[in-house]
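Student: Please take a close look at the contact between the chains, and at the salt bridges that go with it. I would like the cut-offs stated as you go.

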Number of protein chains: 2
Amino acid sequence: MEFMHILLMLTIILAAAKLLSELSERISQPAVLGELLAGLILGDSLLRIVDPHNEILHTLAELGAVLLLFEIGLESDITELFRVGWRSLWVAIIGVVTPAVLGFAVSLLLGLPVMPAIFIGATLTATSVGITARVLKDIGILRWGESQIILGAAVADDVIGLLILAVVSGLVQGESLTVWQVGKVLALALVFLLGALTVGLKASHILLRIAEQMRARAALVTAALVFCFLFAALAQVVGLAPIVGAFSAGLVLARTEHRIRITERASAIADMLVPLFFVVMGAQMNLRAIDITTPAGRSIIGLAALLIVVAIVGKMASGLAVWRSRLRPWLIGVGMVPRGEVGLIFATIGLQQKVFDVTVYTAVLVLVMVTTLITPPWLRTLARRYGARAQHPVPEHA
Amino acid sequence: MEFMHILLMLTIILAAAKLLSELSERISQPAVLGELLAGLILGDSLLRIVDPHNEILHTLAELGAVLLLFEIGLESDITELFRVGWRSLWVAIIGVVTPAVLGFAVSLLLGLPVMPAIFIGATLTATSVGITARVLKDIGILRWGESQIILGAAVADDVIGLLILAVVSGLVQGESLTVWQVGKVLALALVFLLGALTVGLKASHILLRIAEQMRARAALVTAALVFCFLFAALAQVVGLAPIVGAFSAGLVLARTEHRIRITERASAIADMLVPLFFVVMGAQMNLRAIDITTPAGRSIIGLAALLIVVAIVGKMASGLAVWRSRLRPWLIGVGMVPRGEVGLIFATIGLQQKVFDVTVYTAVLVLVMVTTLITPPWLRTLARRYGARAQHPVPEHA
């Protein structure tokens, strides 16, 4: 009967996601906000119909994230990404260092021990590129310079996040981490990224040339999917997020002559799976965790409010990297704000490792929720002010 | 690390499926044969790389079957199905009664006890419409009268199979089944089918009209998927196979003006998931179960050989239902032969309920394998002889 349950979940999730993203668009908000709210309604916070911890649902959602970033990669320009590479790196570095330092300092000032303070600092460094990329795509400004900088920064951010995770996990377990170990983590990640963009590009041409000559149905798009899943898996092998691999695969395939056909077919799969990702992300958020009628609940709110300010200010500072250029720092700063599922993962590790008590954990959860939910409308408002018009940049297939 | 494992499995399965279906087509065999063989190579029989019992892989495969039958429904003609309805019913009835009676009799003659003999008879009634429908689709004869009769018979077969399962399960558990209970099972199934094709048709028009007016991306295809998953779930609620629900959903949506757009987008999702279904089906087959160097192994082969003859002759007899019409009985008879996953399910229940010992179970497994693997080439050869030409009836999108 398990399969029936999955079918019903898919029915409910897709229907709710589409209805709420429709409502969201009608009040001039990005579709992804509606999907997150659908998750909030169906998930742990309210109705508890959708269990975001169900393994199958979770896997489908993760596949959705992979396909979203694959699609975004297909619509991005690798030369533009390389051109803005240094700026992206600066955005990522400022966006990691500022919130980490501020978060650590504020936590210490609030009287928290050193270890939770370090972990809060580390959690604040996370960026959820899924949210931002989806908004940029929805409002049709994926090709703007700022968007490409944000995407590049997200990749750099993942590499830096990997290092931070290695260091922090080492600290928690009381190990002394050698420069050699950190260097190995970094080297592996860089080898993957460079390999993906050089060897991968060569390989993609050969793979697609073979697929072209095949008679079997959908050989080309299957080859593209194989490429995407393989890159996502390899990224995970070296410790990076699978979405970074999928994004790289998209970037590489965007350079082939089959970009449009691949994008069109992959987007149909994404149309089904991507809403699952955001609904499950919304369902993971738990408003029940905070009870403002108790003193404990109010102290959570206080801590959360402070952390939210730090989290936003810290990431907004990353916009400074494009100071004195033609680019708009606010757009980049806001784009880096959402913590999304990456923040949730950090918070969960903190709780599991007993670095966070429930108060701190819940405050971090609130921080993740708020930064995730405010970004879509904020980003859209900014983009509108800067002249974004297209609501459906991609041709509406169905 | 579980997600990485799934990504790698998807990579390997899709690559192997496409390569072997390409080889299959090059030697003028249907693509599905290549996918089954890919499963045979990757699964329990040989390499053991793909674990068909992995819950997530299994769910994705089942979703593949749902989408395949949804696609087939979208390409079928409901009025034609109704027109051939009585013929379909006769095909189904003959195709159930003959192999059941023959299987039961042969088992008794071989000295098996009554209960296993009944269960073997029941197992032989199964038809795996997935295999046949896929071949009919691949060789482009889905709209032939014979194909529509087979599809109708498959639906009738599922209803009859439901009754048989109810009766046999009752017998195994020593319960006396009342006519009332059997009647209830039948009534529920019929209510679902009639409801799907009447109320469902009305509901689909309303649903799509709403979706049409939505601004959200992919609203139309999402509505169609919601419809498909809901029908598949409801079918399972009344005890029918989810693929019967998905097929009904496709039939209903085929009557709307959006058929082509829905088919195009749904087929992209099917392109990814359907090969998973057949590879997993192939991976479930276990050639290791038979060791012909031992007497036990040889007696399995003997039993299997007899059962295979009975299974084929029994289903071929169903072609008699179109005797003296312009329709070709052989095509229909062969189309009913494969037992596929339905046969595997019966065999597994038999083993779990301890009705089958390992010898009988393995013989049934061999029977399922052989009937599944011989059907695609056989059906194709027949169709060619009868004038099928189109190899790619559906426009090649990618």
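Tutor: What follows begins with the contact between the chains, turns to some of the helices, and ends with individual salt bridges.

This is a predicted model, in which local features need pLDDT of at least 70 and side-chain atom pairs count only at pLDDT 80 or more, while totals for chains, interfaces and linings use all residues. Residues are numbered from 1 along each chain as its sequence is written, chains are lettered from A and ligands numbered from 1 in the order in which they are written, and side-chain values use heavy atoms, with hydrogens and water left out.

The contact (heavy atoms within 4.5 Å) draws 58 residues from chain A and 58 residues from chain B. Between them the chains bury about 5,800 Å², of which 66% is on carbon and sulfur atoms; buried area here is the accessible area, taken with a 1.4 Å probe, that two parts lose on being put together, summed over both. Across this interface there are six salt bridges, a salt bridge being a side-chain nitrogen of Lys or Arg within 4 Å of a carboxyl oxygen of Asp or Glu. The interface also holds 22 residue pairs in polar contact, both residues at pLDDT 80 or more; a polar contact is a pair of N or O atoms within 3.5 Å, where within protein one must be able to donate a hydrogen and the other to accept it, and residues adjacent in sequence count only if both atoms are side-chain atoms.

On the side of chain A that touches chain B, the elements giving two or more residues are α1 (2-26), α3 (55-74), α10 (219-237) and α12 of chain A; helices (H or I, at least four residues) and strands (E, at least two) are DSSP runs, numbered from the N terminus. The largest share of that side, 16 residues, comes from α1(A). Sorted by class, the side has 33 nonpolar, nine polar and 16 charged residues, where Ala, Val, Leu, Ile, Met, Phe, Trp, Tyr, Cys and Pro count as nonpolar, Asp, Glu, Lys and Arg as charged, and the others, Gly among them, as polar.

Of these elements, α3(A) is mostly covered, since 17 of its 20 residues are buried; buried means under 20% relative accessible area, exposed over 50%, and partly exposed in between, with a 1.4 Å probe and protein chains only. The end C-alpha atoms of α3(A) are 28 Å apart, in agreement with the 28 Å that its 20 residues should span at 1.5 Å a residue, the expected span being 1.5 Å times one less than the number of residues. Asn54(A) caps the N-terminal end of α3(A), with a side-chain oxygen 2.8 Å from the backbone nitrogen of Ile56(A). In chain B, helix α1 (residues 2-26) has 25 residues and reaches 36 Å from its first C-alpha to its last, close to the 36 Å expected, and just after α1(B), Ser28(B) takes a positive phi of about 60°.

Arg217(B) pairs with Asp271(A), the closest N and O atoms being 2.7 Å apart. This pair crosses between chains, from the loop between α9 (179-212) and α10 (219-237) of chain B, where Arg217(B) lies, to Asp271(A) in helix α12 (residues 259-284) of chain A. Arg217(B) is partly exposed at 26% relative accessibility, whereas Asp271(A), at 9%, is buried. Arg217(A), in turn, forms a salt bridge with Glu71(B), with closest N and O atoms 2.9 Å apart.

Within chain B, Lys137(B) and Glu75(B) form a salt bridge at 2.8 Å between the closest N and O atoms. Their positions are distant in the chain, 62 residues apart, with Lys137(B) in helix α7 (residues 129-138) and Glu75(B) in the loop between α3 (55-74) and α4 (78-83). Both Lys137(B) and Glu75(B) are buried. Salt bridges that share partners also join Glu71(A), Glu75(A), Lys137(A), Asp271(A), Arg217(B) and Arg265(B) into one network.

Within chain A, Glu35(A) forms a salt bridge with Arg134(A), the closest N and O atoms being 2.8 Å apart. This pair links distant parts of the chain, 99 residues apart, from Glu35(A) in helix α2 (residues 31-42) to Arg134(A) in helix α7 (residues 129-138). Glu35(A) is buried at a relative accessible area of 1%, and Arg134(A) is buried at 9%.
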